[in-house]
Each structure stands twice: as C-alpha cells, then as structure tokens.
Amino acid sequence: MSREQLVELARRTISHARAGTVPQAEAVLEVPATNYFDPGRWRLEMDRIFKRVPLTLGFSGELSEPGDYRAVDVAGVPVLMVRGTDGVARLFVNTCSHRGAQIMEAGTGNTRRFTCPYHAWSYDPEGALVGILDRDEFGEIDTSCHGLTELPCEERAGLIFGGLTPGAELHLDDFLCGYESMLDTLGLADCNVVGRQSVEGPNWKVAYDGYLDFYHLPILHKDTFGPDYSNKAIYDAWGPHQRVTSPDHRILAWADSPEDEWSMRRINSGVWTIFPHISIARFDVDGGPIFMLSQLFPGADPDTSVTTQHFLAPFEPTDEQQQGIEKQMDFLLHVVRDEDYYTGRRIQAALKTGAKSHVMFGRNEAGGQRFHGFVDSLVAAEDDAAYRAVLARSEAVFQP
Ligand code: FES
Ligand SMILES: [Fe+2]
C-alpha cells in the first residue's frame, strides 16, 4: 500500500521534472512578523503546541534492551525514556518523588535501578519506587503512589512519540493521519544511533521554516550543498506532516527504468518532516545511507531554539566508517550553524525592529504555508475539544 502510494507520487514528480513545472499553492501567504518574537504568542505556542501534541522524542533503536535509557531536557522538561523489563518503552519526568531531585544526568545507559543522587531513593525501569533509604526512620508512605511521574508514550515506525503533559491522551493515530506507514518505509526501527550533536538557533519557527524550504538551497548553500541543487519543491502532506521532494535531474536519472524496478530507496527519497519539530534527511556515506533526524525545540524564550541532530544508520559502522560519519556530521553542523541558523539569527534580529509587518510565503512555498496554517489552528484551539476538532479536520493532501 505504501509502495503503491509512493510510486504514484514519484510518477507525478517525474512528470513535473519532464515538463519543467511545479505545483503551486493558491496564493501568496502573509504571516505577521510578530508571530516570530511576541512573548504572548510564543507562550501560546508552547502551551497549545509543544505541551499538547505528540512529540518525536527518541528512537526504538536506542532503547533496544530492557533497562536502556536516555535522560534529556525537552523544552525545559527533564525527561527519562526507558525500555522496561516487559519490553515497553516509557517516558517519565526525571524527578524524584522525595524532594524533586533530577535522578539521572543527561545521557544514555543501561540500568536495573534508577537511584536518586540526593538521598538514594531508587526506581525500577517501569518507574516503581522500590527503595527508600532508612525506610523505618523516614515514616510510613504508600510506595505504590510514589513512583516516577509517567508521560504518555507510544512507539511507531522506530520512533518514540511522547507528550509533555502527564495523564493527557496522545491521540497519536489522529495526529499521524496514516503518516507512520510512510515513515515505516525508511526502516528507522532497524537503525542504530551513531552520532548526536546540538546547535542553537533562532525562534523555533524561523528555524523550522528552513527545513521546509528548498527555495533557498542553491542560493544560501551555494558553497556547501552546491548551486546545482534544485530550488523547486513538491509538498505532500499527511495532516500537518510533510514530505518534500524535488522534480529535478536526480529523479530523471531513473525515471525511464521499469516501475517494478524502482527501489524503495528511490521512491521514498526527499525530506520527511514530522510536525511540529522534526526533519529527516538521508545522506550517503561509506557503509551505506544514514539518516539525519533534526529535532528542534524552542529555547527558553521566543528568540532561541535548540536543535539536536541525531544520526541513525541501518548498519553497525566499522571504525573507518564511523570516521566518515563524523566527517559528514561536521559538514552538516557547519551547514546548519553557519548558513541556516546564522541567517536565521539575523532574520530574528531584523524582524524585531518592526520594519516589516509581515513575511511572505510564495505559491512555490506551499510547505511553509501549510506549517503556519497548522500552527495558527492549534494556537487558536483553546480547549481539548477544539484541539480534537483540528486533528479531525486533518487529512492527507498531495500536490497535483
Ligand atoms: S530527592 Fe531523591 S531521594 Fe531525596
Ligand atoms: Fe538550509
């Protein structure tokens, strides 16, 4: 089913490449410049997007064994993700029930017990409180009520989705709109994490706009990706999630081969984004293709964001291959830090002058238009019923 759909989309992209055409949005969209820096707006985006929608927080492959964990700060919330002895991946707030200490330092590992560094209370991988120091002296408490605070969590297509609001329902199927069957074709479930690095950037939407934007590729990245990258983009959407492909010479290179010989690798090419903060791109290195999954979170204020680039490989790299991966990581850090986010920080400063009331997304920038449309709908959705209604209206939309 996913193959059929990908083949159909590839046929469409090929016919645009042959004709030298590209589908367009209906009109130019104007977005108020204040959306990128107004503190009230930013607060609403934190509460009604980042605290509400499922976020892509981790990978099945990094929690392959029971007891495998990663502790990480997610938009100011200390999170502990753990594979339980029952094989289930869970998310917890990384805070002790005694007096709130953060239990684990940021990082990864494998353990049977999470022991708090303050007074040594301990928890098992399912989050139960299993050890209290000098229990008789501490006094009577019901340990079954004082486990780690669990966050909603579900695993799909090799990704660990979670929410930052304890007890809230994820509504993951409504949110994904069938996208997981597409993501599944990437094979992320069988990948190892082979590298990770972080980079600070401008307002999260200034940063994210760049991931949906091919228009800038041969211009801003003329010295890195190179000027022969196409600036044309086709956007296919599953609800708020978009895949971006180019009707360029790369697709024409295999367009004339018989369709049943089109490899999955070819037909699922492009950039895969997961709303509101993920972009997945594939690069060739010695050993095979690797994925860079860029995971973006707002920083502590409207003017900042933090992006972690996670590198995933469907193979166990040799030392030599790992060196090649690290070279590619350095290159991609340079591109994002010194080209994309360098430009983004300067955009941020310029927008804040108030010189421009709006920024524009052209008819050739349908991806940015769709992204801002969803951001606006979610910000406008005051309560859970309104949020559910936004999800219920989302559907798959493919550009013609
Ligand atoms: S705060 Fe964790 S044991 Fe005291
Ligand atoms: Fe870029």
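This is a predicted model: local features need pLDDT of at least 70, side-chain atom pairs count only at pLDDT 80 or more; totals for chains, interfaces and linings use all residues.

Colleague: Why is P317 called buried?

Modeller: Buried means under 20% relative accessible area. P317 has 18% relative accessibility, and therefore counts as buried.

Colleague: With which residues is P317 in contact, leaving aside its neighbours within four places in sequence?

Modeller: These are V194, Q322 and I325. As for T307, ten residues along the chain from P317, the two C-alpha atoms are separated by 24 Å.

Colleague: How many helices and strands does the protein chain have?

Modeller: The chain holds twelve helices and 21 strands. Its C-alpha trace spans about 80 × 50 × 40 Å along the principal axes.

Colleague: How do you know whether the radius of gyration agrees or disagrees with that of a compact globule?

Modeller: For 400 residues, a compact globule would have a value near 21 Å; the protein chain has 22 Å, so the two agree. Of the 400 residues, 53% are buried. Moreover, among contacts between residues at least 6 apart in sequence, 66% join residues at least 24 apart.

Colleague: What makes Y208 and Y211 an aromatic pair, and why is the pair called tilted?

Modeller: A pair of aromatic rings is described by the distance of the centres and the angle of the planes. Ring centres must lie within 6.5 Å, and those of Y208 and Y211 are 6.2 Å apart, so they form a pair. Planes under 30 degrees apart would be stacked and planes over 60 edge-to-face; the angle here is 40°, and the pair is therefore tilted. The structure holds 15 aromatic pairs.

Colleague: Where do Y208 and Y211 lie?

Modeller: Both belong to helix 6 (residues 204-211), three residues apart, which is about one turn of the helix. Y208 has a relative accessible area of 2% and is buried; Y211, at 12%, is buried as well. They also take part in one aromatic cluster, together with F50, W204, F275, F371 and F374.

Colleague: What kind of peptide bond joins F275 and P276?

Modeller: It is a cis peptide bond, with omega at about 0°. P276 is found in the loop between strand 16 (271-274) and strand 17 (278-285).

Colleague: Why is D173 called partly exposed?

Modeller: The term covers values between the 20% limit for buried and the 50% limit for exposed; D173 has a relative accessible area of 48%, so the term applies. D173 is in helix 4 (residues 172-176). Apart from neighbours within four places in sequence, D173 is in contact with R156 and E180. The C-alpha atoms of D173 and L391 are separated by 9.5 Å, although the two residues are 218 apart along the chain.

Colleague: Are D134 and A157 buried or partly exposed?

Modeller: D134 is partly exposed, because its relative accessible area is 47%. A157, at 13% relative accessibility, counts as buried. D134 lies in the loop between strand 9 (129-131) and helix 3 (135-138), and A157 in the loop between strand 11 (153-156) and strand 12 (159-162). Phi is near 50° in D134 and near 50° in A157.

Technical notes
Residues are numbered from 1 along each chain as its sequence is written. Chains are lettered from A and ligands numbered from 1 in the order in which they are written. Side-chain values use heavy atoms; hydrogens and water are left out. Helices (H or I, at least four residues) and strands (E, at least two) are DSSP runs, numbered from the N terminus. The radius of gyration is taken over C-alpha atoms; the globule rule is 2.2 Å times the number of residues to the power 0.38. Buried means under 20% relative accessible area, exposed over 50%, partly exposed in between (1.4 Å probe, protein chains only). Contact means heavy atoms within 4.5 Å. Rings of Phe, Tyr and Trp (its six-membered ring) pair if their centres lie within 6.5 Å; planes under 30 degrees apart count as stacked, over 60 as edge-to-face and the rest as tilted.
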